[in-house]
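Here are my notes on the model, as numbered points. Please read them beside the coordinates.

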Amino acid sequence: CSPSFNCGYLGLIKFPFTTTKQPHCGLLAIHGCEEHDPYAPKTVKLSNSTSRSYTVLQVEPRTIGILDEKQDHYLKTRNCTIFTGVNFTLPHTSPLASFHIKYNITIFRCNHSLKIVTFPKYFYRYSNCPEYDIYYGLPNTETPLGFKWPSSLAPCSTTQLAVDKISTRNPFQFLSGIMIIEVRLSDECERCLLDGKNR
């Protein structure tokens with residue numbers, strides 16, 4: 001495997017990213033790197049179990065920025081389907097790496113019958129969805145250490161969604177269709193990479 005691959009407007013990409021011509025050289029293969037037009041769209045599939053592709057906006061050493069057009073559409077049309085989390089799946093954790101939405105917020109989807117009387121500080125309820133209420137706090141980057149979710153939310157289902165701003169009373173104002181996915185390599189994988197560089 002080459003130490004890096006040219007991928008058009010994304011520049012040089014390195015492990016854990018690779019091209020579809022050499023899928024065995026990385027964990028996420030980017031489609032379109034081999035196109036003669038450097039501005040041709042670049043896409044990635046996050047799961048083998050789905051045919052969905054996402055437009056790649058940027059690649060950093062351990063993060064990849066993608067556009068989820070479905071999520072973006074739900075946000076623009078203020079469609080509550082975005083809170084179901086059924087449309088997006090991250091790659092499975094493996095012995096090599098785990099994958100996370102770097103800037104995210106945990107959303108609790110609860111039956112209308114659930115009434116939380118006391119809220120922690122910076123905690124919101126959004127009740128404009130016809131089938132359920134949405135509860136959420138601060139994005140992961142703003143959540144104080146040791147913060148605990150109210151135990152009354154235990155019966156609710158949860159999903160994590162991308163954010164680009166601090167949370168407000170209206171989730172459609174701070175959620176984002178652009179996701180920065182972070183690849184966290186396992187210690188063993190990191191050591192292996194380091195050994196390869198030191199040879």
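**Notes on pockets, cores and backbone**

1. The second largest pocket is lined by 14 residues, and L27, L28, L46, N48 and P91 lie nearest its centre. A pocket here is an open set of points on a 1 Å grid over the protein atoms alone, with protein on both sides within 12 Å along at least five of seven lines; a cavity is a set where a 1.4 Å probe fits but cannot get out; lining residues have an atom within 4 Å of a point. This is a predicted model: local features need pLDDT of at least 70, side-chain atom pairs count only at pLDDT 80 or more, and totals for chains, interfaces and linings use all residues. Residues are numbered from 1 along each chain as its sequence is written, and side-chain values use heavy atoms, with hydrogens and water left out.

2. The second largest pocket holds about 300 Å³ of space. Its lining has eight nonpolar, five polar and one charged residues. Strand 4 (residues 28-31) gives the most to that lining, with three residues. Strands (E, at least two residues) and helices (H or I, at least four) are DSSP runs, numbered from the N terminus.

3. How many cavities of 30 Å³ or more are there? The count is one. About 40 Å³ of space lies in the largest cavity. Q71, I82, L161, A162, L175, S176 and M179 line the largest cavity.

4. The largest nonpolar core has 26 residues, and I13, I30, I64 and I66 have the most contacts inside it. Strand 13 (178-185) is among the strands that each supply at least two residues of this core. Strand 13 gives the most, with four residues. Such a core is a set of buried Ala, Val, Leu, Ile, Met, Phe, Trp, Tyr and Cys residues joined through side-chain atoms within 4.5 Å. Buried means under 20% relative accessible area, exposed over 50%, partly exposed in between (1.4 Å probe, protein chains only).

5. I30 is in contact (heavy atoms within 4.5 Å) with residues including C7, F17, K42, V56 and I64, leaving aside neighbours within four places in sequence. A second, separate core of 18 residues includes I134, Y136, L161 and F174.

6. Two backbone points deserve a look. A cis peptide bond joins F15 and P16, with omega about 15 degrees. P16 lies in the loop between strand 2 (12-13) and strand 3 (17-19). R78, a residue other than glycine, has a positive phi near 50 degrees. R78 sits in the loop between helix 1 (69-76) and strand 8.

Terms used
Grid points are joined across faces, edges and corners, and a volume is the space filled by probe spheres set on the points. Ala, Val, Leu, Ile, Met, Phe, Trp, Tyr, Cys and Pro count as nonpolar, Asp, Glu, Lys and Arg as charged, and the others, Gly among them, as polar.
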